[in-house]
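Welcome! Here is a friendly tour of a protein model, taken one topic at a time. Keep the structure open beside you as you read.

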Amino acid sequence: MSDTQTPRASAHIVDESAEGVPSFEASGGDWSDIAEEAARLGEERIVVNMGPQHPSTHGVLRLMLEIDGESVTEARCGIGYLHTGIEKNMEYRTWTQGPTFCTRMDYLAPFFQETAFSLGVEKLLGVTEDVPERATVIRVMLMELNRVASHLVAIATGGNELGATTIMTTGFTAREEILRIFELITGLRMNHAYVRPGGVAQDIPPGALDTVRETLPKVRDYLGQLGDLMLANPIFKGRMVDVGHLSLAGCMALGITGPVLRSAGLPYDVRKAAPYCGYETYDFDVPTSTEADSYSRVVLRLEECYQSLRIVEQTVERLQAMGAGPVMVADKKIAWPAQLAIGADGMGNSLDHIKQIMGTSMEALIHHFKLVTEGFRVPAGQVFQSVEHPRGELGVHLVSDGGTRPYRAHFRDPSFNNLQAVSLMCEGGQVADVVVSVAALDPVLGGVDR
Amino acid sequence: MSDKPQDQPKDDVLAPTEETTKAQAGAPREAKDASAAAKAGSAPVGTDAATTPQKTSEAALEAGSQNLPAGLGERTQLDVVDVRSGMFGVQGSGDTSGYGGLVRTVAMPGASERPYGGWFDEVVDILAEVLAESGSSFDAAVEQVVVDRDELTLYVRREHVVPVCQALRDDQDLRFELGLGVSGVHFPHDEGRELHAVYQLVSVTHSRRLRLEVAVSEADPHIPSTTGVYPGHDWHERETWDFFGIIFDGHPGLARIQMPDDWPGHPQRKDYPLGGIPVEYKGASIPPPDERRSYN
């Protein structure tokens, strides 16, 4: 009968055997008072709740640590504090509205969710080959810029958590340069919903390529500053080297991907292993290390930033060379009916298009109305599309029932998977190393909880 | 006592296989009709429609065929998961559009026939060999092989999912060493196979990826846990339990992961409402998303 029993929630980390043991509530009080009280009672084993509101937990991650003196004997993660049901919500919107939702999952790397989702929908529709080259190159450019921005936040907050404020300010200043490009191209600094099934929402504005060209040296300069600040710094190395070790076997067992896996020596990168968006035509390297510690992950993230900038340079050249062109599939049954334009009251449908549908063509009006309210139908079936996210492999599992909305959209977020490694990386170490280890995993809780 | 729920899904699991063999014997049309009629009869089409299942199935078939991608691989049988009627979500006298009479079958891509193409045949052959060596057999473990949109899906019977994973991970010619996780799908009208667990596996060594799919019924939603083979599936299985209520037997601690521990129900199931309130905008009241007009 045991297999029919409804499983219960796991026991609290402090189980029945701990009943009668004094507990201390620390909320805004002085830790030394608690430590004194614990010492007076002769308690060595303390369970500490770190988070969910703690600056060093990258959002709302709750870490349950059982500590013995300064050593961590058990570490558990509690997640779900940022669960907003994005996947469920997507089942009630059209395929075109999907990017608006999934862009909010991992808010530091919005273009990756948008692109992965759009690639998945295109695969379901069977129009992967029809997506204009220009749209694909724009996607690659934005994704690689986004990778740099995301890694900069990872490095910046990681430094801040060690008390190195300059690392944080430098990192965020550099990220700001990239966000300016995003704002110029998509109109928003984050949550862009710019990459859409079939292409991108609109072409890049005039002068955008020049802005990218001007920005790249600045970002490179900031990356140099960060490298100078961190990589030979004895305090930084003292905190980072050999901390948060996770071997290759551990990574593979737990399904860890991204910089953490590559720091263990396996050059697994979806851009090389299962190329999408034409990544096989770009010239870039996948940096690896065999140290498998937090320090090597910082080095790898910096290296990846330089590689991404290399790709961005190539995309800028290509965009310049190919000139203006379509950025959405030609099939008007899928493509949004109008290009957008700036009007007196902000951005909206272009005036020419409004004139056409309201003044001259009844069919165009019907078509516009049907496509915008109803959406397009996607043949039934399922696909799984992976992209290389800054934190690892992001997989989108899309199921269509032949309707105008996703039947199921599941995002295999790398942060969600990678957080499983916290116990393995932290147990047996010092309390202070927990912060470093978690920062090396670089979880973004918007993506973890979705 | 405990045998009964075990027997029930086995029968359900066998049913589509019989259809498959019939279809392969050269009567695909009949098999299609049979499955569509079976689904149409049981689907909530409405009282008058239920009296003429024959007519419904024909209409359903015709309507359903257009939802399938043409030229994306040969199929002998459609995997009908649902039959829907009407449009805009309006039922009864409120519908004056005439769309209420629409009937649409929802059919997933059905089993593929050899050759599957590319490395798919090789992987299936090696898996069959490895399973035979271990005393099991490919036909016992895998219900059907589906190749769709250049992706390989193996529909595995639940009692075989762990040995299949083990074989896929450990054999040197397969080496699907990276388990990307588990996702769930809920087909409330696919009787006896309402809940699907979908596993994505990657072979870094051979640069290949495939999908395993396990279907169970809502009444007996048990699947053996794959955490013994892929420890990284730990949280993914917890998530699938949390959202779909699939119980992964043998999981080290199958607790809810996203929802609070005392949450009732499983939010990603189709019968679980999205929720929301009407919002007023410029004098008009906009209903919550799950109550808006639906074209499905």
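## A sheet in chain B

In this predicted model, chain B holds an open sheet of five strands, in the order E3-E4-E7-E6-E5 and with mixed pairing. Strand E3 (142–148) and strand E5 (178–186) of chain B are its edge strands, each pairing on one side only. From one strand to the next, the twist averages 20 degrees.

**Inside the chain B sheet**

- Strands of a sheet pair through backbone hydrogen bonds, and the pairing can be parallel or antiparallel.
- For a parallel example, look at strand E4 (residues 151–156) and strand E7 (residues 208–216) of chain B, which pair over three bridges.
- Which residue is the bridge partner of B:Tyr155 in E7(B)? The partner is B:Glu213.
- Helix H7 (residues 161–170) of chain B lies across E4, strand E6 (195–203) and E7 of chain B. Helix H7 of chain B runs at about 175 degrees to E7(B).

**Where the chains meet**

- How many residues of chain B are in contact with chain A? There are 50 of them, and they touch 47 residues of chain A.
- On the side of chain B that touches chain A, the elements giving two or more residues are strand E2 (103–108), E5, E6, E7, helix H8 (233–244) and strand E9 (247–249) of chain B.
- E5(B) gives the most to this side, with six residues.
- Sorted by class, the side of chain B that touches chain A has 25 nonpolar, 13 polar and 12 charged residues.
- For the complex, the predictor gives an ipTM of 0.84 and a pTM of 0.82.

**A sheet and a helix pair in chain A**

- Chain A has an open sheet of three strands, ordered E8-E9-E10, with antiparallel pairing.
- Strand E8 (381–389) and strand E10 (408–412) of chain A stand at the edges with a single partner strand each, so one side of each is left without a neighbour in the sheet.
- The twist in this sheet averages 15 degrees from one strand to the next.
- Strand E9 (residues 392–400) of chain A runs antiparallel to E10(A), and five bridges join them. Opposite A:Gly395 stands A:Arg412 in E10(A).
- H4(A) packs on the sheet and touches E8, E9 and E10 of chain A. The direction of H4(A) makes about 150 degrees with that of E8(A).
- Helix H4 (residues 110–125) of chain A also packs with helix H5 (residues 133–161) of chain A, at an angle of about 145 degrees and with their axes 8 Å apart.
- Is the crossing of H4(A) and H5(A) left-handed or right-handed? The crossing is left-handed.
- At this contact, A:Phe111, A:Phe112 and A:Thr115 in H4(A) meet A:Arg139, A:Leu142, A:Met143 and A:Asn146 in H5(A). These residues divide into four nonpolar, two polar and one charged.

**A hairpin in chain A**

- Strand E2 (residues 62–68) and strand E3 (residues 71–78) of chain A run antiparallel, joined by seven bridges.
- A:Arg62 in this pair stands opposite A:Gly78 in E3(A).
- E2(A) and E3(A) form a hairpin with two residues between them. In the turn, A:Gly69 has a positive phi of about 65 degrees.

**Domains of chain A**

- The domain assignment gives chain A domain 1 (88–331 + 376–417) and domain 2 (340–373).
- The centres of domain 1 and domain 2 of chain A, taken over C-alpha atoms, are separated by 33 Å.

**Backbone details to look for**

- A cis peptide bond joins B:Arg114 and B:Pro115, with omega about -5 degrees. B:Pro115 lies in the loop between E2 and helix H5 (120–133) of chain B.
- A:Cys277 has a positive phi of about 50 degrees, although it is not a glycine. The loop that holds A:Cys277 lies between helix H11 (270–273) and helix H12 (294–322) of chain A.

**How confident is the predictor?**

- Chain B averages a pLDDT of 75, and 69% of the residues score at least 70.
- Among the elements of chain B, strand E8 (residues 222–224) has the highest mean pLDDT (94), while helix H3 (residues 47–51) has the lowest (39).
- Over residues 1–76 of chain B the pLDDT is below 50. Beyond near neighbours in sequence, this stretch has 104 contacts in the model.
- Where pLDDT is low, the predicted coordinates should not be read in detail.

Methods. Residues are numbered from 1 along each chain as its sequence is written. Chains are lettered from A and ligands numbered from 1 in the order in which they are written. This is a predicted model: local features need pLDDT of at least 70, side-chain atom pairs count only at pLDDT 80 or more; totals for chains, interfaces and linings use all residues. Two strands pair if DSSP finds at least two bridges between them. Helices (H or I, at least four residues) and strands (E, at least two) are DSSP runs, numbered from the N terminus. Axes are lines fitted to C-alpha atoms, for helices over the stretch in contact, and angles run from 0 to 180 degrees between N-to-C directions. Two residues are in contact if their C-beta atoms, placed from the backbone, lie within 7 Å. Ala, Val, Leu, Ile, Met, Phe, Trp, Tyr, Cys and Pro count as nonpolar, Asp, Glu, Lys and Arg as charged, and the others, Gly among them, as polar. Domain bounds come from an automatic or database domain assignment. pLDDT is the predictor's confidence in each residue, from 0 to 100. A crossing is left-handed if the near helix is turned anticlockwise from the far one by less than a right angle, and right-handed if clockwise.
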